[in-house]
Amino acid sequence: MNWKKFFTAFIGAFIFLFVFGFLWYGTLMSSAHQEVPALLRSKPNYPWLILGHIVMAFFFTMLCVRFVPAGGVFASATLGILVGLVYAGPHLISFAVEPLTTKILWGWIAGAVIQFAIAGGIVGGIYKPSPAHITFVKERPK
Amino acid sequence: MKRFIFAFIAAYVFIFVWGRLLNGVFLKDIYAETPNLWRSQSEMMSLFHWIIIGQALIVFSFVMIYASGFAGGGVIAGIRLGILLEIAAIGMCMGFYAVQPFPGKLIVYGSISGLIEMIIVGAIVGAIYKPTSARMP
């Protein structure tokens, strides 16, 4: 594994996931969240929020690198969409057991898919395998 | 395709039974500590189809990821995928814990059981799903 590229991709994914989360869930969906005040803390617990995003970005980057060892924006973004759908499943379950509104449910699902698709594209765009792992095949003379 | 469907059904049956046992039996007392965070039992039952759809979506997407990038690696590759997906999901749970007043022990027990669940799902999918011979190296 190309660790230097891996860490660059991880940092890129972390920054994107955090900023997108703040904009989408914290700003754009703010009014929807205010409809269910009992389900939210009065003030976010920032150390846990940051640690959660670090863990998420690190293992998502690891997954992209395992899934698409050669890198590539499109393939990693496709993986991101599938990962977003894996995480959309628990949102549907949460809707059934927590008194969430449908606006929150669809906002969370759309957010997860968009967030991981773009994060996948970022990781795929940054990560490249180390040159030692690239095999060159000499073309046969015609 | 046949293997895909078998893997999906087997993993779905496991996840459904595991979810019922975990949330309906083992974690029942922890949920009871925070009744204001949950719907009433009757409301949950009326929305039960969302649980079925949610679990199906998790399993379907998992098998899709396995089939398109990890297939051929067998049980170990399935377990590896399950671990990577679940640890990233634990990060997401930490994020939820940061903004929602869930009890800490619910997050801890939920994360541990989620990891075990996804390891088993990965093993099931890895054992059942095999790529078609044309795609084998």
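**View 1. The neighbours of Q55(B) come from both chains.** In this predicted model, Q55(B) touches I93(A), Y12(B), I15(B) and F16(B), leaving aside residues up to four places away in sequence; contact here means heavy atoms within 4.5 Å. The residue belongs to helix 4 of chain B, residues 48-70, where helices are DSSP runs of H or I with at least four residues, numbered from the N terminus. With a relative accessible area of 8%, Q55(B) is buried (under 20%, 1.4 Å probe, protein chains only).

**View 2. Chain B meets chain A.** Here 38 residues of chain B are in contact with 40 residues of chain A. Together the two chains bury about 3700 Å², 76% of it on carbon and sulfur atoms; this is the accessible area (1.4 Å probe) lost on putting the two parts together, summed over both. Helix 4 and helix 5 (74-99) of chain B each supply at least two residues of the side that touches chain A. Helix 5 of chain B gives the largest share, 15 residues. By class, that side of chain B has 27 nonpolar, nine polar and two charged residues.

**View 3. Salt bridges across the interface of chain B and chain A number zero.** The rule looks for a side-chain nitrogen of Lys or Arg within 4 Å of a carboxyl oxygen of Asp or Glu.

**Notes for all views.** Residues are numbered from 1 along each chain as its sequence is written, and chains are lettered from A in the order in which they are written. Local features need pLDDT of at least 70, side-chain atom pairs count only at pLDDT 80 or more, totals for chains, interfaces and linings use all residues, and side-chain values use heavy atoms, without hydrogens and water.

Key:
Buried means under 20% relative accessible area, exposed over 50%, partly exposed in between (1.4 Å probe, protein chains only). Ala, Val, Leu, Ile, Met, Phe, Trp, Tyr, Cys and Pro count as nonpolar, Asp, Glu, Lys and Arg as charged, and the others, Gly among them, as polar.
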